[in-house]
Structure formats: structure tokens, C-alpha cells
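Subject: Handover of a structure and its findings

Dear colleague,

Please find the sequence and the structure below. A description of what was found follows directly after them.

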Amino acid sequence: MAGKLGHLLTRLHLARSRSPAAAADVPRGHLAVYVGEGRKRLVVPTACLSHPAFVTMLKRVEDEFGFDHRCGGLTIPCASEGDFADIVGGMDVH
């Protein structure tokens, strides 16, 4: 993965390796994201990152908000928790 998304994933990996206690509740093969105005923390499979609907959503987030968020994780502020759950729930990530 190249470009800004690849850079973001590298930053997430570096942050996780520096803070193992914060990532203790995130199983291998998953990542934490912060969704909606309330920044609810959700754990999703990393396989979602290659799903076209997820990639489209991330590109929209980048265009509208950028990826420089201060909460230490991937923030998806433009989606409500329900919309995000619908997108992720509809993915076949196995």
C-alpha cells in the first residue's frame, strides 16, 4: 500500500508498538478505530482495510478531515456509529 494510507498504517503500527498496554485489548489481526462525533472506540479486523467500501470511506475521511488526529488512532469522524457498523457488518472479510 503506497501513499498517505500506507503512511498512516505505518504510523499506527509504530504507535501500537510503543504502547503495548493501550493495544492489549486489540486482538492480533485487528485495529482500533474511533468513530462518530463521540469518537467511540471500535475494534475491527485489519482485513477491512482492503475492502473497497472501507477504502472509499477512508479516502472520504482523508479528503474532508485529513489523518492528523490527536487521539492516537484512526479516527473516522464523518460516519455515525450506526453507519460505520453497517459498512463493516456488510463486508465479507474472511
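I begin with a turn. Gly-36 adopts a positive phi near 80° in the hairpin of strands S1 and S2, which has four residues between the strands. Please note that this is a predicted model, in which local features need pLDDT of at least 70 and side-chain atom pairs count only at pLDDT 80 or more, while totals for chains, interfaces and linings use all residues. Residues are numbered from 1 along each chain as its sequence is written, and side-chain values use heavy atoms, with hydrogens and water left out.

Helices (H or I, at least four residues) and strands (E, at least two) are DSSP runs, numbered from the N terminus. Two strands pair if DSSP finds at least two bridges between them. S1 (residues 30–35) and S2 (residues 40–45) pair in the antiparallel sense over six bridges, and His-30 stands opposite Pro-45 in S2. S1 also runs parallel to strand S3 (residues 74–76), to which three bridges join it; here Val-33 stands opposite Leu-74. Five of the six residues of S1 are buried, so this strand is largely enclosed by the rest of the structure. Buried means under 20% relative accessible area, exposed over 50%, and partly exposed in between (1.4 Å probe, protein chains only).

A salt bridge is a side-chain nitrogen of Lys or Arg within 4 Å of a carboxyl oxygen of Asp or Glu. The partner of Arg-41 is Asp-25, at 2.8 Å from N to O. Arg-41 is partly exposed, with a relative accessible area of 31%.

Which residues of helix H2 (residues 52–65) are buried? They are Phe-54, Met-57, Leu-58 and Val-61. Seen down the axis of H2, the buried residues fall within an arc of 100° (taken from the directions from the helix axis to the C-beta atoms), so they line one face of the helix. The face turned away from them carries the exposed residues Pro-52, Lys-59, Arg-60 and Asp-63. After H2 comes Gly-66, with a positive phi near 75°.

With kind regards
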